[in-house]
Amino acid sequence: MRLTNYLLPTLKESPADAEIASHKLMLRAGMIRKVAAGIYTYLPLGLRSVRKVEQIVREEMDRAGALELLMPMVVPAELWQESERWEQYGKELLRLRDRKDTEFCLSPTHEEVITDVVRGTVRSYRQLPLNLYQIQGKFRDEIRPRFGLMRGREFIMKDAYSFDLDDAGADSSYEKMYQAYQNIFKRCGLEFRAVEADTGNIGGSSSHEFMVLADSGEDAIVSCDCCDYAANVEKAQIRLARQEEPQPQGEIAQVATPGKKTIAEVAQFLGLPESRLIKTLLVRTDAGEQLAVLLRGDRDLNEIKLCRFLDCVEVEMVDEANVVKMTGAPSGFAGPVGLDCRIIADHEVRTMVDCVVGANIKDSHCSGVNPGRDFEVEQYVDLRQAQTGDGCPRCAGTLQSWRGIEVGHVFKLGTKYSQALGATVLDRNGKDVALVMGCYGIGIGRTVAAAIEQNHDDNGIIFPMAIAPFQVLITLLNPKDQQVVKAGEELYNQLLQAGIEVLLDDRDERPGSKFKDADLIGIPIRVTVGNKALKDDQFEIQLRAVGERQMMPTDETAPWLIAEVNRQLVR
Ligand code: ATP
Ligand code: MG
């Protein structure tokens, strides 16, 4: 491809609404353009990377035995009513009506449609196992679309769905997908980890997320420094520290803490570490129960763990009026002593001695408070967010926390959808059984964005070879010099013939601006053709990731480039 025939609208400045590197760079490099919030056009350069990721995904899915199909994006409400998700899914589901006033939605995911396909086509256990996938546009009316392709409203997803006769079969389908995902993200050149994930409310038993490690990631994960335990903090367990019998020393006493409401304020005011305070959170479940949840002062509540324990979908903090009713004081001074409601606490609270808690009196706290002696806890449970330094739940190792971008998700669904929609087969004994399902997603655009997030510098993108829009960039320094044009064109044609994806910068522009664009768009290997070096029969070569330039005899360049491209492709 010649740049004089290409559309490469690079930008010097990044648009104001772009917050993270990948979003800025994809706009600046002319890969995408915004159409509306969370809705983008993929320009030619961006589309090439997207297609590369799709191709890797396709190859690995096919290799794992999955079959590609294509389902519609516009889906009748009826199907979603059968699974009851029409009511449950909330505002991310964009609903619309056709001219006959029939209701439809733009599909955010395809469990209903695929289950409908399978119930109409598969009748016998002999047709199993079956894994069907598509690469297709999804629509989710995200509350906060941001970061470009990272969290769009319309985005491209690969979604696969497996169907098995029993749990053992479903486990083996899951394993195959897990392995395919390892291959895919490795081939994309990403540094990633598969982590245990919460199964949320899609209904299902087991789930892993594939996380690209990056500081800008929206997810927090922990991994063990000794074994291979890794989990999303939403789900991460913590090894219980050895529980020594607490030995209370002090007597309970009320202390004045005028205007000091937060843990930090109280700790500083009393000159104590935050770990000596007990945090009392008053929460209300969706069933309307109000209770107190206790944590060590320096710890954060994990709401997902709390909801699981309370068997509810969400909890909210009790409002000010009810705090006053429950404690007799404004918020900021709640404590467990004398509190008339159910009290549950994180495991760690059990071993705390002589601590500080709110006194349930305005501008006051109590010191010398001891759990068990001064108040009763109904149950001690794991309620806190895992963090760096916590003990691994599987071994004696220590957890470390990271930020991650979720690029893929594998999920055991069980029979939720097959039962709801009546997708059954006849087993060996001629009995009707519900299919056991799994679902497996990969965000295609998010994978490209995550790769850029992980591979860039101040000057631009540094594409991993496998997903670079082009593999080699040839820059003609003096495009009016016949010798330069001749040597450059010759190399260009040699590479094209060898199947290398090459972009020729034949634009009549200043070398400085060509080099700036080259840095920005991040093609992994660059060749500069200039009249000075040509006098010695040489080209200049530069690897975008390394930066150093080296001279190479013109006749050795094409074979070297072909070998280098192949070396950099992770297979
Ligand atoms: P998130 O927690 O980031 O919202 P999710 O759990 O809703 O993700 P899934 O329903 O598992 O995501 O979708 C499968 C994959 O699709 C995700 O792993 C992610 O790579 C991608 N994806 C999900 N939502 C978006 C989005 N709004 N924009 C781009 N990609 C997305
Ligand atoms: Mg989501």
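## Around D390

In this predicted model, the side chain of D390 reaches the backbone nitrogen of Q387 at 2.8 Å. You'll find D390 in the loop between β20 and β21 (399-414).

Is D390 buried or exposed? D390 counts as buried because its relative accessible area is 6%, under the 20% cut-off. If you skip the neighbours within four places in sequence, D390 is in contact with I238, R299, R384, Q385, G397, T398 and L399.

## The five-stranded sheet

Strand β20 also has a place in an open sheet of five strands, in the order β16-β14-β15-β17-β20. The pairing there is mixed. In general, strands of a sheet pair through backbone hydrogen bonds, and the pairing can be parallel or antiparallel. Going from one strand to the next, the twist averages 35 degrees.

Which strands stand at the edges? Those are β16 (315-317) and β20 (379-381), and each has a single partner strand, so one side of each has no neighbour in the sheet. Further in, β15 (residues 290-296) and β17 (residues 343-346) run parallel and are joined by three bridges. To find your way along this pair, look for A292, which stands opposite I343 in β17.

## Helices on the sheet

Helix α8 (residues 303-310) packs on the sheet, touching β14 (278-285), β15, β16, β17 and β20. Its direction makes about 120 degrees with that of β16.

Helix α9 (residues 320-327) lies across β14 and β15. Relative to β14, helix α9 runs at about 115 degrees.

## Ligand 1

How many residues surround ligand 1? There are 14, and the closest are E142, R151, G152, E406 and H409.

One of its oxygen atoms is 2.6 Å from an N or O atom in the side chain of E406. An oxygen atom of ligand 1 is also 2.9 Å from an N or O atom in the side chain of R140. With G152 the backbone is involved: a nitrogen atom of ligand 1 is 2.8 Å from a polar backbone atom of that residue.

## Nonpolar cores

The largest nonpolar core has 85 residues. Within this core, M31, F185, V472, I474 and L495 touch the most other members. A second, separate core has 28 residues, including A77, F163, A423 and V433.

Take V472 as a way into the largest core. Not counting residues up to four places away in sequence, V472 touches L495, I500, E501, V502, L503, I523, I525, V527, L561 and V565.

Now for two single residues. L190 sits in the loop between α6 (167-187) and β9 (192-196), and with a relative accessible area of 8% it is buried. Beyond its neighbours within four places in sequence, L190 is in contact with F185, V212, T447, A450, A451 and Q454. From L190 to S223 is 33 residues in sequence and 17 Å in space, C-alpha to C-alpha.

K12 lies in the segment before α1 (21-28). Why does K12 count as exposed? Because its relative accessibility is 73%, and exposed means over 50%. K12 and R28 are 16 residues apart along the chain, with their C-alpha atoms separated by 6.8 Å.

Conventions: Residues numbered from 1 in each chain as written. Chains lettered and ligands numbered in written order. Predicted model: local features only at pLDDT ≥ 70, side-chain atom pairs only at ≥ 80, totals over all residues. Heavy atoms only, no water. Helix = DSSP H or I, 4+ residues; strand = E, 2+ residues; numbered from the N terminus. Buried < 20%, exposed > 50% of the residue type's maximum accessible area, 1.4 Å probe, protein only. Contact = heavy atoms within 4.5 Å. Core = buried A, V, L, I, M, F, W, Y, C linked by side-chain atoms within 4.5 Å. Pairing = 2+ DSSP bridges. Axes fitted to C-alpha atoms, helices over the stretch in contact; angles between N-to-C directions. Near = heavy atom within 4 Å. Polar contact = N/O pair within 3.5 Å; in protein donor to acceptor, adjacent residues only side chain to side chain.
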